[in-house]
Amino acid sequence: MPRIAICAPSRSITEEDAARVTALATDIPGIELHFHPQCFRVEGHFAGSDAERCAALVECANDPMFDAVWFARGGYGAARVAEDAIAAMNREADRKTFLGYSDGGMVLGGLYANKLGRQVHAPMPVDVRREGGAVAIWRTLGWLAGERIGLEPTLDHHPTVAFNLYTLAMLCGTRLMPGLAGHVVMVEEVSEYLYSVDRLFFHVTAHLGGIAGLRLGRVGNVPENDAPFGHDVEDIARHWCARHSIPYLGRCGIGHDIDNTIVPFGVAGEAADK
């Protein structure tokens, strides 16, 4: 029976959120959820202090009772604790699966860089708040229970990673940034002006030399600027990939929405077999 610890390296969720997710988990046989109390802490923007968030992440990662660590929510905060938390993880963390997306990518990227555990881009408990969000929760829980129907359909023999574009931009040049040569890199974004998306691609593609290619997920909730940018998101991706001789491979199904697909880091088949 997969036993899943849930903590919040970034922002908090509510006990009502946890109750709804727990109720949904009853539809997936063999899943047991444990919400760390830190998930419900609030200190300004964050789910508790840096020390509390770091301690909860390490506790969940190092506890032999659990098989996986699921991040409750994104929203910024993981960057402040990821390096210290990863440095404190032990061999129990190495046998675990870590799941999340958005700001959780800071931890996933750092774990992947340190070859610690298995990392999976996947919907998070906070997605229960979205209209129709139950399907996103079931997708992650189903994958943990052994289903593979929620996997990103474009996965192939290449090692693959998936990140929020802004999060990946912040990883670049830091000790949390993994080496991605030979990888397919999938990116998505939400609530950014198109000129900001262009700026992020300018920065990110300069750090992705040697990758096998880039796939573009959904870019949602784009604010309306005072003047049309003149290029859509796929134009932007193609432009910056061409500038850096990165193969543009087309679209993929990741995004800040209920249709967000599951992307195990590395080669999907290998991740499923571990």
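Trainee: In this predicted model, how many of the 7 residues of strand β7 (residues 184-190) are buried?

Mentor: Strand β7 is largely enclosed by the rest of the structure, because its residues are buried along the strand. Both faces of β7 are covered, with Val184, Met186, Glu188 and Val190 on one side and Val185, Val187 and Glu189 on the other. The number of buried residues in β7 is therefore 7 of the 7.

Trainee: Which residue in β7 stands opposite asparagine 164?

Mentor: Strand β6 (residues 160-164) pairs with β7 in the parallel sense, over 5 bridges. Asparagine 164 has its opposite residue in β7. That residue is glutamate 188.

Trainee: Which strands are the edge strands of the open sheet of 4 strands?

Mentor: The strands of this sheet follow the order β6-β7-β8-β9, and their pairing is parallel. On average, neighbouring strands are turned by 20 degrees against each other when direction is ignored. An edge strand here pairs on one side only, and the two that do so are β6 and β9 (248-251).

Trainee: What is the bridge partner of leucine 214 in β9?

Mentor: Strand β8 (residues 213-220) runs parallel to β9, and 2 bridges join them. Leucine 214 has its bridge partner in β9, namely tyrosine 248.

Trainee: Which strands stand at the edges of the open sheet formed by 6 strands?

Mentor: The order in this sheet is β2-β1-β3-β4-β5-β10, and the pairing is mixed. Each edge strand has a single partner strand, so one side of each is left without a neighbour in the sheet. The strands in question are β2 (32-35) and β10 (263-264).

Trainee: Which residue in β3 stands opposite alanine 5?

Mentor: Strand β1 (residues 3-7) and strand β3 (residues 68-71) run parallel and are joined by 4 bridges. Opposite alanine 5 stands valine 69.

Trainee: Are the residues Ala68, Val69, Trp70 and Phe71 of β3 buried or exposed?

Mentor: Ala68 and Trp70 point one way from β3, whereas Val69 and Phe71 point the other way. For all of these residues the state is buried.

Trainee: What is the bridge partner of alanine 68 in β4?

Mentor: Strands β3 and β4 run parallel, with 3 bridges between them. In β4, alanine 68 is partnered by threonine 97.

Trainee: Which strands does helix α1 lie across?

Mentor: The direction of α1 makes about 170 degrees with that of β2. The strands that α1 lies across are β2 and β3.

Trainee: Which strands does helix α5 (residues 105-113) touch as it packs on the sheet?

Mentor: The direction of α5 makes about 145 degrees with that of β5. The strands that α5 touches are β3, β4 (97-100) and β5 (118-121).

Trainee: Why are α1 and α6 described as oblique to each other?

Mentor: Helix α1 (residues 15-25) and helix α6 (residues 134-144) pack with their axes 10 Å apart. Their crossing is right-handed. The two helices are therefore oblique to each other, the angle between them being about 60 degrees.

Trainee: How many nonpolar residues does the contact of α1 with α6 have?

Mentor: From α1, the residues Val21, Leu24 and Ala25 meet Ala134, Ile137, Trp138 and Leu141 of α6. The contact has no polar and no charged residues, and its count of nonpolar residues is 7.

Terms used: Residues numbered from 1 in each chain as written. Predicted model: local features only at pLDDT ≥ 70, side-chain atom pairs only at ≥ 80, totals over all residues. Heavy atoms only, no water. Axes fitted to C-alpha atoms, helices over the stretch in contact; angles between N-to-C directions. Parallel < 35°, antiparallel > 145°, perpendicular 65-115°, else oblique. Left-handed = near helix turned anticlockwise from the far one by under 90°. Contact = heavy atoms within 4.5 Å. Nonpolar A, V, L, I, M, F, W, Y, C, P; charged D, E, K, R; others polar. Pairing = 2+ DSSP bridges. Buried < 20%, exposed > 50% of the residue type's maximum accessible area, 1.4 Å probe, protein only.
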